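Let's take a walk through this structure, from its inside to its charged pairs.

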Amino acid sequence: MSQVTSQSTPFPAGRPVVLRGGTVLPMDRTRRVLGDTDVLVTGDRITAVGPRLAVPEGTAEIDASGGIVMPGMIDTHRHMWQTAMRGYGADWTLTQYFVWYYLEHGKAFRPEDVHAGNLLAAVEALDAGVTTVVDWSHGLQTVDHADAAVDALRAVPGRFVLAYGNIQQAPAEWTAAPQFRDFVNRRITGDDMLGFQIAFDVTGDPAFPEKPAFEVARDLGVAVTTHAGVWGATNDDGIRLMHEHGFMTPETVYVHASTLSADSYHRIAATGGSVSVSTESEQSAGQGYPTTWAVRSHDIPVSLSMDTSVWWSGDLFSAMRTTLGADRAREHLEAHANGETVTHGALRAEQVVEWATRGGARALGRESDLGSIEEGKKADLVLLKNDHSPVSFPLLNPYGHVAFQAQRGDVHTVIVDGRVVKHEHRLLDTDLAAVRRSVERTVDHLRTTMGEEAWAKGMNPDVPETKVLDNPYTYTDYRSTSTHGS
């Protein structure tokens, strides 16, 4: 992606920045609200938080009065490579998603198409105040695709974690390939702007064909992120296999976790893992009822994610809003079924804002330097302020305002690693026209490859009788008796 030169920005590298007079949500363990407070950024760190701070000469000042300053949001599960198809699958079920990507057309994506999707997703994330994204990149059919994914992430001034995956091969196969090890050695250098995970699912097949992939992750010392508790695909048998073989760790991130039993939640809680909830996805696609109502009762740490823009919005404001709604709906329904009335909601707005920030940092093992506004931590910050919006006032309950009132259009300023990447509602140093051209080439390629009839039909694809509905993974014939029978 071509970028404007650094001379074009009013915030050159190395110049301190202070956000003046905002309502600060530190998202530390006290869940305080700090009114009329400044935040000083020097280099890549937060160096002071307080009222009317004295700042170094030459510090750039940003007026945060009337706005909310919060930590940069963290998305722990986003299939960024699919973003070039934004909205295409708006009416899909999860089964149709599996048929389209896993079994039919996912193979049509070239490295440059993965690059285009990642580029658009990365820019979109920054625009919405999401400063860290886990790229759950299960479209990496070859190492060339993986290099393209990383090239796109490196071209955007955000913080990313590449979760390497390949839905077209068995996890044991692609993790054992010499090219995979070579990629890790070449591209994963320990830079804290690009983390690394291994991404694959566990079918529950008693033969445990995913075991060698876990062993590779253990050998590399990296976390595994896995779609767990997904109706018709992954359930309790997979969790049990992971636990019995010692592969459930505090670093493991369980995505969705919507159709698990209490036994599986106990295993996750006992081993210290966390759950990434994608409420918009779960309540629409059919992975299972959004699971925060269940994991809260087991004291399992939660983070938020948006899954894929082939369906839903690419921001965490929607994630917070829908999570609160789904959790509270479940609480009311269960009470009503027992002839009871909920008088005080168990899930509060401040908790989902925490899940969108510090919860994500905790899931990534970065709580020591990300996810809250404290002196010495990395300067990943978001200013929500929109003087042209009647929704910006009055600011009475800041946590409720973030969760229910704010939108991506209210993101005034975004700072990542001390660098101002968005200001006054405009991305800096970003060539959107180049991103658009890249995405248009991908769309043209897919339409041409599929043909116009298949392209149009793909927005509501038929499910051929020959397709396996309860196991979209082609490397095993295992069927789950919990869904369609064996």
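The model is predicted, so local features need pLDDT of at least 70 and side-chain atom pairs count only at pLDDT 80 or more, while totals for chains, interfaces and linings use all residues. Residues are numbered from 1 along each chain as its sequence is written, and side-chain values use heavy atoms, with hydrogens and water left out.

Start inside. A nonpolar core is a set of buried Ala, Val, Leu, Ile, Met, Phe, Trp, Tyr and Cys residues joined through side-chain atoms within 4.5 Å. The largest one here has 112 residues, and Y101 and Y164 have the most contacts inside it. Helix α2 (residues 111-127) gives the most to this core, with 9 residues; helices are DSSP runs of H or I with at least four residues, strands are E runs with at least two, and both are numbered from the N terminus. Apart from that core lies another of 18 residues, including F11 and L383.

Now for the charges. A salt bridge puts a side-chain nitrogen of Lys or Arg within 4 Å of a carboxyl oxygen of Asp or Glu, and the structure holds 42 of them. In one, D38 pairs with R20, their closest N and O atoms 2.6 Å apart. D38 lies in strand β2 (residues 34-42) and R20 in strand β1 (residues 17-24), so the pair ties together parts 18 residues apart in sequence. D38 counts as buried, at 3% relative accessibility.

R408 and D127 also meet in a salt bridge (3.7 Å, N to O). R408 lies in the loop between α14 and β15 (411-416) and D127 in helix α2, so this pair ties together parts 281 residues apart in sequence. R408 is partly exposed, with a relative accessible area of 25%.

Definitions and conventions. Buried < 20%, exposed > 50% of the residue type's maximum accessible area, 1.4 Å probe, protein only.
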